[in-house]
Amino acid sequence: MKKGTLKQILLITDGCSNQGEDPSMVASLVARQGITVNVIGILEDDQQEDPMGLEEVEEIAQAGEGVSQIVYQKALSQTVQSVTKQAMTQTLQGVVNQELKQILGPNQTIENLPPDQRGEVMEVVEDLGEKSNVEVFVLVDTSASMQNKLPTVKEALIDLSVSMNARIGKNSFSIYTFPGKRKTIQRVIDWSEQLDSISSIFPKLTSGGITPTGPALKEAMYQFSKSKLSRSMKREDESNIEETGY
């Protein structure tokens, strides 16, 4: 297998969407574009039970072929790292299973292999997880109820950046919030290899009352296409500079 680029949307929210398209349907559309949708639902540290809104978390992730977790605020940092890596492994296992079916037949999967062969294949999956390039589009709910959770989200994303940069493969992160002031989503950080600059940005974020999760996911999907076009144009410009010597 060749190492490629694993694309993820990481949605961090604490409640149900209340405006626009059904987020599960949008997540299914996103997954068909080769982008995994992972969702983390945040509970207040003193909250005794899951609110109704967080039932949507699992539905969105399932439709987006991703991973979901509902977590207390104090455990968010570790969860963000865990969900991101678990989604990478799950995606790679899916790719390996497809290749196994092509080679060994339609009913063959990693789980059906003998234990020794299964272990060897999982070693390949782990190796690919270290070496594959990863693009993580972080989408943060900044509706009114998220306001006191944003400092915790900020720290969790910085920890994610540190953890991911210990890998061999290249990482690229982008952070947007929703709802935006004039648009569905609002850019916090464009595609970057490091997230440490968010320390100065997050305290300035404002929160609103609505939660347009479906439209926000659709806009996030479009950002991957824009990123690919931007990188292509950049490479073309660099090639022209090399050819002309300017």
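Asp14 comes out as buried, at 11% relative accessibility (buried is under 20% relative accessible area, exposed over 50%, partly exposed in between, with a 1.4 Å probe and protein chains only). This is a predicted model, where local features need pLDDT of at least 70, side-chain atom pairs count only at pLDDT 80 or more, and totals for chains, interfaces and linings use all residues. Residues are numbered from 1 along each chain as its sequence is written, and side-chain values use heavy atoms, leaving out hydrogens and water.

Asp14 has a partner: Lys149 forms a salt bridge with it (a side-chain nitrogen of Lys or Arg within 4 Å of a carboxyl oxygen of Asp or Glu). Lys149 sits in the loop between strand S4 and helix H5, and Asp14 in the loop between strand S1 and H1, so the pair ties together parts 135 residues apart in sequence. Lys149 is buried too, at 2% relative accessibility. The count comes to five salt bridges, including these:

| Pair | Closest N to O |
|---|---|
| Lys149 and Asp14 | 3.1 Å |
| Asp190 and Arg187 | 3.4 Å |

Lys131 and Asp127 both lie in helix H4, four residues apart (helices are DSSP runs of H or I, at least four residues, and strands are E runs of at least two, numbered from the N terminus). Lys131 is partly exposed at 34%, and Asp127 is partly exposed at 36%.

Now for H1, residues 23–32: Pro23, Ser24, Val26, Ala27, Val30 and Ala31 are buried. The face turned away from that buried side carries exposed Met25 and Arg32. Just after H1, Gly34 takes a positive phi of about 80 degrees.
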